[in-house]
Amino acid sequence: MSNVYVFLADGFEEIEGLTVVDLLRRAGISVITVSIMGRKAITGSHQITVTADTQIEEIQVEAEDCLVLPGGMPGTRYLGECERLKGFLVEADARKSRIAAICAAPTVLGSLGFLKGKRAVCYPGMEEGLLGAEVSQEEVVTDGHITTSRGLGTAIAFALELVTLLKGNEEAERLARSVVYTK
């Protein structure tokens, strides 16, 4: 089975990152949190410190892996400045591996040119960073191999979309029922 790598930087939005980790692990999906900060301890945008499973220098991304970028500030800016992460993203996009970003983080994908001609969403007011995208107002949008979502309030829908893409609709529906998530 492939891995889902959730990349963490100081200032990441805790709910957006950890909801994905929690729900995907509940679905039996291998999720690895990855620090891009040169240390495993990461402090989120609301001063919650978490310990990443590993550091970016210690991983190799394979074609079947999924890369997830949570939003938050200044976490999104740090993600966009990380050369090793950008390299992983460029390789993943070239081979059409699954890439997902929420809140401000879709702007990282926009800056790399991945969203040209694709439908995408982001945190309200950040749309100019979705370079070349057809901007939508939906909670979550998957266009091809890229999934984007709007923010903290859409984190469960975002995570369930990833479960659907990785394990199927039946598993996503089972998981939604088990956490009492209704739309």
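Colleague: Which helices each supply at least two residues of the lining of the largest pocket?

Modeller: In this predicted model, helix 5 (155-167) and helix 6 (169-178) each do so.

Colleague: Which residues lie nearest the centre of that pocket?

Modeller: The lining has 13 residues, and A157, L160, E161, Y181 and K183 are the ones nearest the centre.

Colleague: How does the lining of the largest pocket divide by class?

Modeller: Six of the lining residues are nonpolar, two are polar and five are charged.

Colleague: And how much space lies in the largest pocket?

Modeller: The largest pocket holds about 210 Å³ of space.

Colleague: Turning to T147, where is it found?

Modeller: T147 belongs to strand 11, which covers residues 146-149.

Colleague: Is T147 buried or exposed, and why?

Modeller: T147 counts as buried because its relative accessibility is 0%, and the cut-off for buried is under 20%.

Colleague: Which residues does T147 touch?

Modeller: Leaving aside residues up to four places away in sequence, T147 touches R98, I99, A100, A101, V140, V141, T142, F158, E161, L162 and L165. One of these, E161, is also among the residues nearest the centre of the largest pocket.

Colleague: A new topic: how many aromatic pairs does the structure hold?

Modeller: There is one aromatic pair in the structure. Y5 and F7 form this pair, with 6.4 Å from centre to centre and 40° between the planes, and the arrangement is tilted.

Colleague: Are Y5 and F7 buried or exposed?

Modeller: Both Y5 and F7 are buried.

Colleague: What lies over the face of Y78?

Modeller: R77 is placed over that face, 5.3 Å from the ring centre of Y78. R77 also comes up with A104: their C-alpha atoms are separated by 8.9 Å, although the two residues are 27 apart along the chain.

Colleague: Where does A104 lie?

Modeller: A104 is in the loop between strand 7 (99-102) and helix 4 (106-111). Its relative accessibility is 4%, so A104 counts as buried.

Colleague: Which residues does A104 touch?

Modeller: Not counting residues up to four places away in sequence, A104 has contacts with G71, M73, T76, Y123 and M126.

Colleague: M73 is on that list; what kind of peptide bond joins M73 and P74?

Modeller: The bond between M73 and P74 is cis, with omega about 10°. Most peptide bonds, by contrast, are trans. P74 itself is placed in the loop between strand 6 (66-69) and helix 2 (75-81).

Colleague: Which residues have a positive phi although they are not glycine?

Modeller: K96 is one of them, with a phi of about 65°, and C103 is another, with a phi of about 70°. Most residues other than glycine have a negative phi.

Colleague: Where do K96 and C103 lie?

Modeller: K96 is in the loop between helix 3 (83-94) and strand 7, whereas C103 is in the loop between strand 7 and helix 4. A104 lies in that loop as well.

Colleague: Are K96 and C103 buried or exposed?

Modeller: K96 is exposed because its relative accessible area is 55%, and exposed means over 50%. C103 has a relative accessible area of 11%, so C103 is buried.

Colleague: What about E81; where is it found, and why does it count as partly exposed?

Modeller: E81 is found in helix 2. It is partly exposed because its relative accessible area is 48%, and that class runs between the cut-offs of 20% and 50%.

Colleague: How far apart are E81 and V108?

Modeller: E81 and V108 are 9.0 Å apart in space, C-alpha to C-alpha, and 27 residues apart in sequence.

Colleague: Lastly, where is E134, and which residues does it touch?

Modeller: E134 is in strand 9, residues 134-135. Setting aside residues up to four places away in sequence, E134 touches K118, R119 and A120.

Key. Residues numbered from 1 in each chain as written. Predicted model: local features only at pLDDT ≥ 70, side-chain atom pairs only at ≥ 80, totals over all residues. Heavy atoms only, no water. Phe/Tyr/Trp six-rings, centres within 6.5 Å; stacked < 30°, edge-to-face > 60°. Buried < 20%, exposed > 50% of the residue type's maximum accessible area, 1.4 Å probe, protein only. Lys NZ or Arg CZ within 6 Å of the ring centre and 35° of its normal. 1 Å grid on protein atoms, 1.4 Å probe; cavity = no way out; pocket = protein on both sides within 12 Å on 5 of 7 lines; lining within 4 Å. Points joined across faces, edges and corners; volume = space filled by probe spheres on them. Helix = DSSP H or I, 4+ residues; strand = E, 2+ residues; numbered from the N terminus. Nonpolar A, V, L, I, M, F, W, Y, C, P; charged D, E, K, R; others polar. Contact = heavy atoms within 4.5 Å.
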